[in-house]
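The sequence and structure come first.

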Amino acid sequence: MAHRKLNKLPNTAVLKQILKRCSSLGKKINVGYDEDGLPLDVPKGHFAIYVGENRTRYIVPISVLDHPEFQCLLRQAEEEFGFDHDMGLTIPCEEVVFRSQLTCIIR
């Protein structure tokens with residue numbers, strides 16, 4: 001398992017880079033899009049991610065991006081899949097683990 005150097009940029013800058021690199025946030029063929037190319041079913045202040053082997057879609061608030069636990073999940077996603085692909089932002093963990101972590105983060 002290769003370890004990458006941690007980026008020395010502030011967390012906000014790192015998160016913005018991650019979201020920019022994932023050019024297909026929440027995109028699916030059967031979802032409508034607005035004139036900016038954003039999915040119509042994702043409320044403002046939220047984003048879509050895919051979790052687990054079945055790639056179950058979750059809509060989560062952007063406020064989770066500040067939490068260290070979620071940032072850890074994003075780093076795992078980057079290591080596993082990278083962010084330059086057409087699969088949408090995918091978190092490589094079991095859904096039950098993700099839901100448990102998300103519940104703790106959102107509280």
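## Helix α2

Helix α2 has 14 residues, and its first and last C-alpha atoms are 20 Å apart, close to the 20 Å expected at 1.5 Å a residue; the expected span is 1.5 Å times one less than the number of residues. Helices (H or I, at least four residues) and strands (E, at least two) are DSSP runs, numbered from the N terminus. This is a predicted model, in which local features need pLDDT of at least 70 and side-chain atom pairs count only at pLDDT 80 or more, while totals for chains, interfaces and linings use all residues. Residues are numbered from 1 along each chain as its sequence is written, and side-chain values use heavy atoms, with hydrogens and water left out.

The buried residues of α2 are Phe70, Gln71, Leu73, Leu74, Ala77 and Glu78. Buried means under 20% relative accessible area, exposed over 50%, and partly exposed in between (1.4 Å probe, protein chains only). Seen down the axis of α2, the buried residues fall within an arc of 155 degrees, so they line one face of the helix; the arc is that of the directions from the helix axis to the C-beta atoms. Pro68, Glu79 and Glu80 are exposed on the other side of α2. After α2 comes Gly82, with a positive phi near 75 degrees.

## Helix α3

In α3, the buried residues are Glu95, Phe98, Leu102 and Ile105. They fall within an arc of 90 degrees, seen down the axis of α3, so they line one face of the helix. Val96 and Cys104 are exposed on the other side of α3. The cover over the buried residues of α3 includes β1, β2, α2 and β3 (90-91).

## Where the helices meet

The axes of α2 (residues 68-81) and α3 (residues 95-106) come within 9 Å and cross at roughly 145 degrees. Axes are lines fitted to C-alpha atoms, for helices over the stretch in contact, and angles run from 0 to 180 degrees between N-to-C directions. Glu69, Phe70 and Leu73 of α2 make the contact with Phe98, Gln101 and Ile105 of α3, where contact means heavy atoms within 4.5 Å.

## The nonpolar core

The largest nonpolar core has 18 residues, and those with the most contacts inside it are Phe47, Ile49, Val60, Phe70, Ile91 and Phe98. Such a core is a set of buried Ala, Val, Leu, Ile, Met, Phe, Trp, Tyr and Cys residues joined through side-chain atoms within 4.5 Å. The largest share of this core, four residues, comes from α2.
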